[in-house]
Amino acid sequence: MSEDAVKLYKKAMVSLQREKLALEKELSSARAIISSAEKRLAEIDAAFSGSSSVNRRGRPVGKISKKGKLKTAKKTAVKRLKNKLSLKEVVLNVTKGKRLDAKQIFDAACKAGHKFSGKNPMNSIRVLLYTNKKLFKNNKGKFTTT
């Protein structure tokens with residue numbers, strides 16, 4: 001081999017080694033960025049899945065798939081309560097011939113054996129009383145059947 005070829009070979013090796021070092025630095029900084037991004041994504045996923053300490057109300061938030069579509073969370077099997085009479089029938093029976101407020105109606109419905117499955121059963125009763133104006137007459141917060 002000639003001396004020129006050896007010099008060219010050495011220059012090429014030095015150049016390749018410099019390029020290799022530069023690429024290794026870029027790769028290590030990219031890995032650091034990726035790990036911090038993965039940590040942030042894990043925090044965001046935890047917030048969406050409800051495992052954070054913040055109490056959410058309402059429907060569970062789904063995850064977004066790779067295609068950008070929203071996947072809803074899997075529904076857990078919740079045993080539904082079975083009542084012999086509907087809430088409307090129980091309230092009609094309770095208020096027949098009486099003027100009661102919502103709290104008294106709630107207490108009477110509980111005594112009648114009606115089981116409420118919601119977190120706020122008074123809300124269910126109030127919605128029933130205020131939206132069914134044909135069935136219930138309201139006189140200053142006291143309800144009776146019409």
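Tutor: We can begin with the secondary structure of this predicted model, whose protein chain holds four helices and four strands. Followed along the sequence, these elements give the pattern α-β-β-α-α-α-β-β.

Student: What share of the 146 residues in the protein chain is buried?

Tutor: A residue counts as buried when its relative accessible area is under 20%, and buried residues make up 16% of the 146 residues here. The protein chain exposes about 12900 Å², of which carbon and sulfur atoms supply 56%.

Student: Which residues of the largest nonpolar core touch the most other members?

Tutor: That core has 16 residues, and those touching the most other members are Leu87, Val91, Ile105, Phe116, Ile125, Leu129 and Phe136. Helix H2 (87–95), helix H3 (102–111) and helix H4 (121–131) each supply at least two residues of this core. As for Phe136, when residues up to four places away in sequence are not counted, Phe136 touches residues including Val91, Leu92, Leu129 and Phe143.

Student: How do the axes of H2 and H4 cross?

Tutor: Angles of 65 to 115 degrees count as roughly perpendicular. The axes of H2 and H4 come within 11 Å and cross at roughly 75°, which means that H2 is roughly perpendicular to H4. On the H2 side the contact is made by Leu87, Lys88 and Val91, while H4 contributes Ser124, Ile125, Leu128 and Leu129.

Definitions and conventions: Residues are numbered from 1 along each chain as its sequence is written. This is a predicted model: local features need pLDDT of at least 70, side-chain atom pairs count only at pLDDT 80 or more; totals for chains, interfaces and linings use all residues. Side-chain values use heavy atoms; hydrogens and water are left out. A nonpolar core is a set of buried Ala, Val, Leu, Ile, Met, Phe, Trp, Tyr and Cys residues joined through side-chain atoms within 4.5 Å. Buried means under 20% relative accessible area, exposed over 50%, partly exposed in between (1.4 Å probe, protein chains only). Contact means heavy atoms within 4.5 Å. Axes are lines fitted to C-alpha atoms, for helices over the stretch in contact, and angles run from 0 to 180 degrees between N-to-C directions. Angles under 35 degrees count as roughly parallel, over 145 as roughly antiparallel, 65 to 115 as roughly perpendicular and the rest as oblique. Accessible areas come from the Shrake-Rupley method with a 1.4 Å probe; for residues, only the protein chains shown count as cover.
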